[in-house]
Amino acid sequence: MNQPLNFAQNKALCHYTYLISYCENFMPETPSLYIVATPIGNLGDFSARAIETLQNVNYIAVEDTRHSRKLLTHFGIHTPLISLHEHNEAARSKLLLSYLQKNLSLALISDAGTPLISDPGYHLVTLVREEKIPVIPIPGPCALITALSAAGLACDKFIFEGFLPVKNASRQKKLNDLLYETRTLIFYEAPHRILELINDMLAVFGPKRYVVLARELTKIFETIHGDSLDQLKIWLNNDKNQQKGEFVVLVKGAKHHLSHSDIEAQRIYIYYLVNCLLSKQLH
Ligand code: SAM
């Protein structure tokens with residue numbers, strides 16, 4: 001008869017069982033597409049699971065092969081790369097699906113952060129899932145969540161709008177649609193447009209709306225600075241260095257929610273008032 005295991009043997013067995021299940025989960029027999037997050041600045045944020053996954057798949061789809069090769073080589077990852085960017089995503093997705101159907105495993109990374117979040121990959125993930133092939137997320141850095149976690153704004157409900165339109169008129173229209181939104185608003189912005197964005201926000205939200213700029217997150221010059229829009233503009237203009245780098249812009253939600261029908265009712269009311277005043281002036 002088998003002897004019962006002592007404490008040390010039991011512990012060793014548990015550890016062994018854990019390792020086996022970890023390995024089975026890590027590399028399932030079914031070919032899979034791994035969506036792997038990479039650092040947004042600090043290389044220490046690359047997770048052990050992300051590195052191991054990228055070392056073990058057959059191919060890694062990347063936005064820019066030269067950019068990613070540098071990062072991957074630094075971590076001893078020499079897996080072959082295939083480019084997948086916004087201009088070739090449709091065609092590349094079909095090719096990558098055919099690889100998965102040939103039992104090859106794949107990973108998708110972007111230049112930085114979590115793929116698909118204002119980055120390519122949506123088409124690929126949809127196609128692969130339609131074919132009932134597993135898509136496995138390997139979570140990690142994401143600029144919007146990193147910023148939100150430290151901004152001191154409400155996190156229970158928020159909306160992420162990504163990049164706003166480049167043209168001023170469309171950008172202001174989009175901001176105007178969000179004027180009465182009560183949830184925290186989160187945007188991505190390129191460094192050369194940060195002042196323009198603050199000016200547009202001033203025009204739409206007014207000088208007293210509280211906004212947080214989260215700049216160069218996880219990097220040497222990381223700055224998370226919040227103030228009213230009028231003060232923020234002065235602060236940015238006083239220090240050109242604060243206009244450099246990558247930004248997440250977080251806007252405190254409006255105090256009271258107005259639905260579209262409320263806004264329409266307000267518009268009709270103002271129209272009616274103006275007409276009354278004008279007709280009185282004419283008499
Ligand atoms: N997929 C990425 C993610 O998970 O956050 C976002 C990619 S998007 C093309 C790039 C934008 O993300 C930048 O223009 C900036 O708005 C934001 N971003 C990325 N890294 C950042 C950082 N270290 N600090 C602040 N914002 C960052």
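Student: Which residue of β9 does Leu213 stand opposite?

Tutor: His225. Strands here are DSSP E runs of at least two residues, helices H or I runs of at least four, numbered from the N terminus. Residue numbers start from 1 along each chain as its sequence is written. The model is predicted, so local features need pLDDT of at least 70 and side-chain atom pairs count only at pLDDT 80 or more, while totals for chains, interfaces and linings use all residues.

Student: What makes β8 and β9 a pair?

Tutor: Pairing takes at least two DSSP bridges between the strands. β8 and β9 have 6 and run antiparallel, so they pair. β8 is also joined to β10 by 5 bridges, again antiparallel. There, Val211 stands opposite Val251 in β10.

Student: Why is β8 called mostly covered?

Tutor: Buried means 20 or more other C-beta atoms within 10 Å of a residue's own (exposed is 12 or fewer, partly exposed in between; C-beta atoms are placed from the backbone). In β8, 5 of the 6 residues are buried.

Student: How do you know how β7 and β10 run?

Tutor: Their 5 bridges are in the antiparallel sense. Phe187 stands opposite Val249 in β10.

Student: In what order do the 5 strands of the open sheet lie?

Tutor: β6-β7-β10-β8-β9, with mixed pairing.

Student: Why do β6 and β9 count as edges?

Tutor: β6 (158-163) and β9 (223-228) each have a single partner strand, so one side of each has no neighbour in the sheet. From one strand to the next, the twist averages 20 degrees.

Student: Which strands does α8 touch?

Tutor: Helix α8 (194-205) packs on the sheet against β7, β8 and β10. Contact means C-beta atoms, placed from the backbone, within 7 Å. The direction of α8 makes about 10 degrees with that of β10. Axes are lines fitted to C-alpha atoms, for helices over the stretch in contact; angles run from 0 to 180 degrees between N-to-C directions. Helix α9 (229-238) touches β8 and β9, at about 135 degrees to β9.

Technical notes. Contact = placed C-beta atoms within 7 Å.
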